[in-house]
Amino acid sequence: MWVEFAYYKDVFKGTLITDESIFPKYSQEAQDYVDYITLGKAGVSIENGLDTDKIKRSVCVASELYLEKENKLNAIKTSDNEIVARGLKSETVKSHSVTYASTSDLDTLSKIETEYDKLIRTRVNKLLLFTGLLNRGIG
């Protein structure tokens, strides 16, 4: 991993992720995203010791946003995420009652996903803009 919890807490001064045990989940997701948008150049830069601070900060920012996104989505979803994903809101076995998630419920989930995806892209791009890592050209 490019960013350890100690960097997140002590250098980046992150406060949103307080549990060190969950940090790798969000950090890895953020690292994968940063590597994706830089076409792998961020990983090479880290290996060569170039632009490491900006890359690490972008991973920290994205990690926090991924956690916020998950928390917002979980607040909307029912206790059984698979049921919501299949379009069911609730289901009762005795006297068989089924309630389907309304399109507004599913639209809300989609809007939150889209909103956070845009926010992550904007914040990470802002940090990496002048590093050359977002350049799509060769070399």
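## Core and salt bridges

The largest nonpolar core has 32 residues, of which Trp2, Val34, Ile55, Val124 and Leu128 touch the most other members. Such a core is a set of buried Ala, Val, Leu, Ile, Met, Phe, Trp, Tyr and Cys residues joined through side-chain atoms within 4.5 Å. Two or more residues each come from α1 (5-11), α2 (23-37), α3 (41-48), α4 (52-76) and α6 (103-128), and α4 gives the largest share, nine residues. Helices (H or I, at least four residues) are DSSP runs numbered from the N terminus.

This is a predicted model, in which local features need pLDDT of at least 70 and side-chain atom pairs count only at pLDDT 80 or more, while totals for chains, interfaces and linings use all residues. Residues are numbered from 1 along each chain as its sequence is written, and side-chain values use heavy atoms, without hydrogens and water.

Beyond its neighbours within four places in sequence, Val124 is in contact with Tyr33, Val34, Ile37, Ser58 and Ala62; contact means heavy atoms within 4.5 Å.

The whole structure holds four salt bridges, each a side-chain nitrogen of Lys or Arg within 4 Å of a carboxyl oxygen of Asp or Glu. Among them are these:

| Pair | N to O distance |
|---|---|
| Lys25 and Glu70 | 2.9 Å |
| Arg57 and Asp53 | 3.3 Å |
| Lys69 and Glu113 | 3.6 Å |

Lys69 lies in helix α4 and Glu113 in helix α6, 44 residues apart. Lys69 is buried at 11% relative accessibility, whereas Glu113, at 33%, is partly exposed. Buried means under 20% relative accessible area, exposed over 50%, and partly exposed in between (1.4 Å probe, protein chains only).
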